[in-house]
Amino acid sequence: MRNESATQLLFELSEPGRQSAILPDADVPQRPLEELIPEGFLSETEAPLPELAEPDVIRHFVNLSTTNMSVDTHFYPLGSCTMKYNPKRHERFARMKGLGDIHPYEQQPTAILSILYQLQTMLAEISGLPAVSLQPAAGAQGELAALLVAAAYFRDRGEQRSKVFFPSSAHGTNPASAAIAGFDCVQLQATDSGLVDLEDLRSRLDEQTAVFMITNPNTLGLFEPQIDKISEMMHDVGGLVYIDGANMNAILGITRPGDFGGDMMHYNVHKTFTGPHGAGGPGAGPIAVRDFLADYLPGPIIEKTIGDDGKDQYELVQPSKSIGRVRTFFGNVGILLRGYFYLRTLGPDGLRAVSENAVLNANYLKARLADILPVRHGELCMHEFVGSAQSIQQKCGVSAMDIAKRLLDLGFHAPTVYFPLVVPEAMMIEPTETESKSTLDAFADAIRQIVEEDPEFLHSAPHTTPISRPNDVQAARNPVSKWTPTCDR
């Protein structure tokens with residue numbers, strides 16, 4: 001049974017005369033509003049705020065929360081997003097006194113600077129790239145910051161390089177970041193196996209070559225075995241290789257971007273190191289670069305010295321040729337702290353186990369669904385795979401979207417659909433390492449159940465959510481962004 005109160009707005013629940021609190025009269029002298037606010041900005045009527053008792057308010061928001069899906073309540077197999085469970089111990093640690101309650105304008109105690117310095121060091125080791133800036137507040141901003149670093153590097157060398165390459169399966173943020181940074185975007189062809197076409201790359205290399213942006217493993221869930229050759233080709237013409245760190249969950253402790261030719265990369269701390277993820281934030285996107293790019297990093301960078309008393313001291317340093325700040329203060333410290341505690345909890349062996357189990361889970365689920373959602377690229381995947389519902393769509397008219405919507409009825413968040421665009425009726429599934437075999441089996445069984453159900457029933461799914469299936473096109477073109485009363489109350 002649907003909880004109708006969860007689908008109503010507070011305005012619709014309002015009843016004249018109800019109130020949650022009685023506020024005392026102000027004990028400071030009052031001035032007429034006309035003296036405080038210019039006449040043209042004063043409303044002629046009182047704001048039509050909802051009138052509700054405290055139980056009405058509490059029940060509304062509690063009921064509303066029960067309609068949400070989250071990593072705490074449901075399996076979230078969103079391919080490319082790495083929606084893994086957020087350990088609660090890291091939440092507690094990040095809020096400890098002296099960490100979570102520090103105001104950025106306070107004189108920073110050694111503890112927080114020490115933690116952030118250690119995080120810089122750990123991220124450098126994991127990536128194989130020695131210089132790190134914690135500044136960027138999200139993966140996309142990390143991409144942009146790294147490309148600005150590249151632009152400053154080439155400009156400093158007197159080189160006018162304008163081309164940024166990226167594969168056809170790349171995240172959309174790659175060309176967007178390149179364009180914002182002032183580069184020309186060049187999309188490369190893929191081979192039939194879903195990997196970079198080296199001949200296409202070779203034919204486009206020239207003195208204008210600046211950066212190759214590549215996710216490895218790529219968005220199809222495949223490790224690019226030619227990455228060392230790609231890096232060599234780029235370096236031979238004076239270009240740089242940027243590794244999109246979105247899929248680091250597949251290679252932690254196993255291989256490092258710096259070791260297979262990357263010159264720059266970003267981390268998605270909220271994806272790779274279990275910070276909370278969703279609702280447009282929060283996020284953190286630190287970048288790591290080779291030593292010859294260190295002087296261009298956004299600052300401040302935290303450096304450690306030994307004081308006269310023999311104790312560690314930390315100071316904030318602006319790199320000599322820095323591109324400047326890309327975020328206030330030290331970046332999104334709350335998420336950085338969660339990443340730090342995640343790394344300290346796991347250690348090197350635990351970090352490697354993360355990737356081994358993420359890859360195992362993905363290949364297990366891929367095998368369980370192979371006859372329903374065949375994968376067109378590669379026999380084995382890394383941490384995610386892209387199945388195609390095209391055969392189901394052709395056979396009975398059931399689309400990837402129909403399957404995704406019906407999964408909501410069965411207690412599972414939908415996987416990423418229709419991305420990457422190179423796979424028709426794509427369903428991009430990433431189970432992460434935090435899910436059990438029983439959860440993966442239940443998910444596979446749910447998809448098997450769905451494809452046996454009546455197509456007409458699936459076309460109108462979901463059936464148990466407060467809102468079924470809105471018209472996506474109409475909602476995008478004619479959004480209703482405010483509530484308007486239909487009658488006088």
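Gly-100 touches Ala-94 and Arg-95, when residues up to four places away in sequence are not counted, contact here meaning heavy atoms within 4.5 Å. Gly-100 has its place in the loop between helix 4 (88-94) and helix 5 (110-127), where helices (H or I, at least four residues) and strands (E, at least two) are DSSP runs numbered from the N terminus. With a relative accessibility of 52%, Gly-100 counts as exposed; the scale calls a residue buried under 20% relative accessible area, exposed over 50% and partly exposed in between, using a 1.4 Å probe and protein chains only. Between the C-alpha atoms of Gly-100 and Arg-204, which are 104 residues apart along the chain, the separation is 49 Å.

The model is predicted, and local features need pLDDT of at least 70, side-chain atom pairs count only at pLDDT 80 or more, while totals for chains, interfaces and linings use all residues. Residues are numbered from 1 along each chain as its sequence is written, and side-chain values use heavy atoms, with hydrogens and water left out.

A contrasting case is Lys-84, which lies in the loop between helix 3 (54-65) and helix 4. Its relative accessibility is 2%, so Lys-84 counts as buried. The side chain of Lys-84 reaches the backbone oxygen of Thr-272 at 3.0 Å, a polar contact being a pair of N or O atoms within 3.5 Å, of which, within protein, one must be able to donate a hydrogen and the other to accept it, while residues adjacent in sequence count only if both atoms are side-chain atoms. Leaving aside neighbours within four places in sequence, Lys-84 is in contact with several residues, among them Val-71, Asn-249, Tyr-342, Val-354 and Glu-433.

Seven strands form an open sheet in the order 1-7-6-5-4-2-3, and the pairing is mixed; two strands pair if DSSP finds at least two bridges between them. At the edges stand strand 1 (131-133) and strand 3 (184-188), each with a single partner strand, so one side of each is left without a neighbour in the sheet. From one strand to the next the twist averages 20°, where axes are lines fitted to C-alpha atoms, for helices over the stretch in contact, and angles run from 0 to 180 degrees between N-to-C directions.

Strand 2, helix 7 (residues 173-180) and strand 3 make a right-handed β-α-β unit, which is to say that, with the strands pointing away from the viewer, the path from the first strand over the helix to the second runs clockwise.

How are the neighbours of strand 4 arranged? Strand 2 (residues 163-167) runs parallel to strand 4 and is joined to strand 4 by three bridges, with Lys-163 opposite Thr-209 and Phe-165 opposite Phe-212. Strand 5 (residues 240-244) also pairs with strand 4 in the parallel sense, over five bridges, and Tyr-242 in strand 5 is the bridge partner of Met-213. Strand 4, helix 9 (residues 227-236) and strand 5 make a right-handed β-α-β unit. Seven of the seven residues of strand 4 (residues 209-215) are buried, so strand 4 is largely enclosed by the rest of the structure. Four of the five residues of strand 2 are buried, so strand 2 too is largely enclosed. Helix 6 (residues 139-156) lies across strand 2, strand 4, strand 5, strand 6 (264-266) and strand 7, running at about 175° to strand 5.

Aromatic rings give a further view, since the structure holds 12 aromatic pairs; rings of Phe, Tyr and Trp (its six-membered ring) pair if their centres lie within 6.5 Å, and planes under 30 degrees apart count as stacked, over 60 as edge-to-face and the rest as tilted. The rings of Tyr-117 and Tyr-314 have centres 5.6 Å apart and planes at 55°, so this pair is tilted. Tyr-117 lies in helix 5 and Tyr-314 in strand 9 (residues 312-317), so the pair ties together parts that are 197 residues apart in sequence. Tyr-153 and Tyr-296 form an edge-to-face pair, at 6.2 Å centre to centre and 80° between the planes, and both residues are buried. Ring pairs link Tyr-153, Phe-154, Phe-292 and Tyr-296 into a cluster.
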